[in-house]
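Subject: Structure handover

Hi,

Here is the structure I promised to pass on to you. Please open it alongside this note, and I will go through what turned up.

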Protein chains: 4
Amino acid sequence: MFDTNITIVGNVLTAPEWRRTANTGTLVAHFRVASTARRLDRETGQWIDGNSLRVRVNCWRRLAEGVTASIAVGDPVVVTGRLYTRDWTDPDGNPRLTYELEAAAVGHDLTRGRSRFARTKPTPT
Amino acid sequence: MFDTNITIVGNVLTAPEWRRTANTGTLVAHFRVASTARRLDRETGQWIDGNSLRVRVNCWRRLAEGVTASIAVGDPVVVTGRLYTRDWTDPDGNPRLTYELEAAAVGHDLTRGRSRFARTKPTPT
Amino acid sequence: MFDTNITIVGNVLTAPEWRRTANTGTLVAHFRVASTARRLDRETGQWIDGNSLRVRVNCWRRLAEGVTASIAVGDPVVVTGRLYTRDWTDPDGNPRLTYELEAAAVGHDLTRGRSRFARTKPTPT
Amino acid sequence: MFDTNITIVGNVLTAPEWRRTANTGTLVAHFRVASTARRLDRETGQWIDGNSLRVRVNCWRRLAEGVTASIAVGDPVVVTGRLYTRDWTDPDGNPRLTYELEAAAVGHDLTRGRSRFARTKPTPT
């Protein structure tokens with residue numbers, strides 16, 4: 001079986017938060033993103049809001065650096081990566097399921113503005 | 001913004017259940033699917049289990065018919081469609097978030113077997 | 001960088017042809033698939049044909065078996081896999097570019113009919 | 001049937017070129033992008049180059065503006081949109097097939113650097 005890939009075009013809901021993992025000191029950042037589909041209403045001919053999607057995005061290493069340095073709440077972004085579920089138990093002992101997206105790439109959506117990009121030199125993080 | 005498309009290659013976890021909507025009598029079916037990624041462990045050279053994903057799949061109209069008539073628990077399938085979140089409130093008044101996939105197409109995965117297919121004539125359901 | 005994943009919902013244009021590779025005797029099959037988008041015309045409120053996509057699909061090993069045994073011209077299918085380009089030179093010495101899809105999974109689209117599926121036992125091919 | 005969505009993480013091969021359509025004066029830009037997959041060689045444990053993909057990307061209206069103002073040759077980008085084929089006839093009268101991607105969103109890949117983003121106000125173009 002296979003990784004389940006997903007691409008979201010939406011807006012940043014929460015500012016990136018970063019930390020280093022306890023064992024290896026690897027940089028990891030996360031933020032939340034929301035997307036709302038627009039669909040053409042057949043009767044009125046108008047575009048209306050369709051379904052929406054909100055999900056937590058995890059970024060590792062150099063992507064964590066780039067995202068933390070570049071992304072703010074409300075920014076329009078395109079995010080691509082792998083979707084998976086994480087099982088956990090809430091304080092009352094109930095089984096719970098969380099969906100997370102491990103990003104392979106994140107960028108500002110140039111449909112909505114302009115970006116000035118500065119490439120980083122490849123250094124191990 | 002845009003629909004968020006997703007394709008899952010995995011196994012059917014629960015048998016399709018179907019009903020008709022109250023207002024229009026439209027046929028809708030749902031089942032759960034699970035996918036577990038396999039990844040090559042760099043140190044051992046062996047394939048090991050990676051992240052997994054479980055999600056509810058909703059099928060409408062003719063796809064609901066085809067799925068109900070064809071799919072059973074454990075079947076290997078490929079599912080493609082749109083992912084979205086649904087907000088609801090649990091009995092204790094807590095806000096909860098559920099992820100659902102509205103399928104555009106579902107098929108048995110021919111990597112894992114053979115299928116005999118009988119096309120249905122296009123009739124409104 | 002990353003594999004470029006793609007999922008096509010469409011119809012089989014050519015019957016699967018199979019062969020074994022010269023070196024290792026690995027089974028490989030290919031066929032062509034076509035998909036035509038439907039879009040809602042904003043002025044008339046009617047669905048009309050949009051862009052179309054035709055591509056060669058390559059299947060390896062057990063998927064090649066399943067596809068060869070199950071798929072015929074005209075069948076509605078869902079195909080998911082990786083898209084890549086192959087460079088070659090035509091008889092006149094001109095550089096040419098072909099797009100191919102290496103399938104990870106192929107299935108009959110249950111929106112368009114019903115399938116009876118028989119799982120194969122996992123044997124090395 | 002459906003639009004065929006695709007997301008490419010790669011590098012810009014050619015600088016964006018823009019023009020206005022003859023009939024409506026709509027802004028459209030295009031550039032080429034290339035992606036090369038990396039895969040883990042099972043025997044050596046090293047990452048090696050896998051398949052590559054090159055494709056023309058078309059951008060309309062505000063995305064054409066953003067891309068033309070922001071993107072240069074060599075930039076790492078993430079591109080998402082719809083893939084389709086275009087039929088044409090070469091000067092010798094041979095039928096030819098070209099693949100094009102109509103982008104829904106394009107962004108600089110923050111895995112590879114940092115971006116400063118300035119949002120444009122929504123004005124019709």
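Below are some notes on how the chains meet.

First, the conventions. This is a predicted model, in which local features need pLDDT of at least 70 and side-chain atom pairs count only at pLDDT 80 or more, while totals for chains, interfaces and linings use all residues. Residues are numbered from 1 along each chain as its sequence is written, chains are lettered from A and ligands numbered from 1 in the order in which they are written, and side-chain values use heavy atoms, with hydrogens and water left out.

**Chains B and C**

Counting contact as heavy atoms within 4.5 Å, 32 residues of chain B touch 32 residues of chain C. The size of an interface is often given as the accessible area lost when the parts come together. Here the buried area (accessible area, 1.4 Å probe, that two parts lose on being put together, summed over both) is about 3,000 Å², and carbon and sulfur atoms give 53% of that. On the chain B side, B:Leu110, B:Arg114 and B:Phe117 lose the most area to chain C, together 25% of what that side buries.

B:Arg114 also takes part in a salt bridge, with C:Glu65 as its partner and 3.9 Å between the closest N and O atoms. The rule for a salt bridge is a side-chain nitrogen of Lys or Arg within 4 Å of a carboxyl oxygen of Asp or Glu, and it finds two across this interface. There are also 16 residue pairs in polar contact, both residues at pLDDT 80 or more. (A polar contact is a pair of N or O atoms within 3.5 Å; within protein, one must be able to donate a hydrogen and the other to accept it, and residues adjacent in sequence count only if both atoms are side-chain atoms.) By class, the side of chain B that touches chain C has 13 nonpolar, twelve polar and seven charged residues. Here Ala, Val, Leu, Ile, Met, Phe, Trp, Tyr, Cys and Pro count as nonpolar, Asp, Glu, Lys and Arg as charged, and the others, Gly among them, as polar.

Strand 7 of chain B pairs with strand 7 (residues 113–119) of chain C in the antiparallel sense, over seven bridges. Strands are DSSP runs (E, at least two residues), numbered from the N terminus, and two strands pair if DSSP finds at least two bridges between them. Within this pairing, C:Arg114 is the bridge partner of B:Ala118.

How are the two copies related?

**Chains C and D**

In this interface, 31 residues of chain C are in contact with 30 residues of chain D. The buried area is about 2,600 Å², with 53% from carbon and sulfur atoms. Two salt bridges are counted here; one of them joins D:Asp87 to C:Arg54, with the closest N and O atoms 2.8 Å apart. Eight residue pairs are in polar contact, both residues at pLDDT 80 or more. Strand 1 of chain C gives the most to the side that touches chain D, with seven residues.

Best wishes

How values were computed
Helices (H or I, at least four residues) and strands (E, at least two) are DSSP runs, numbered from the N terminus.
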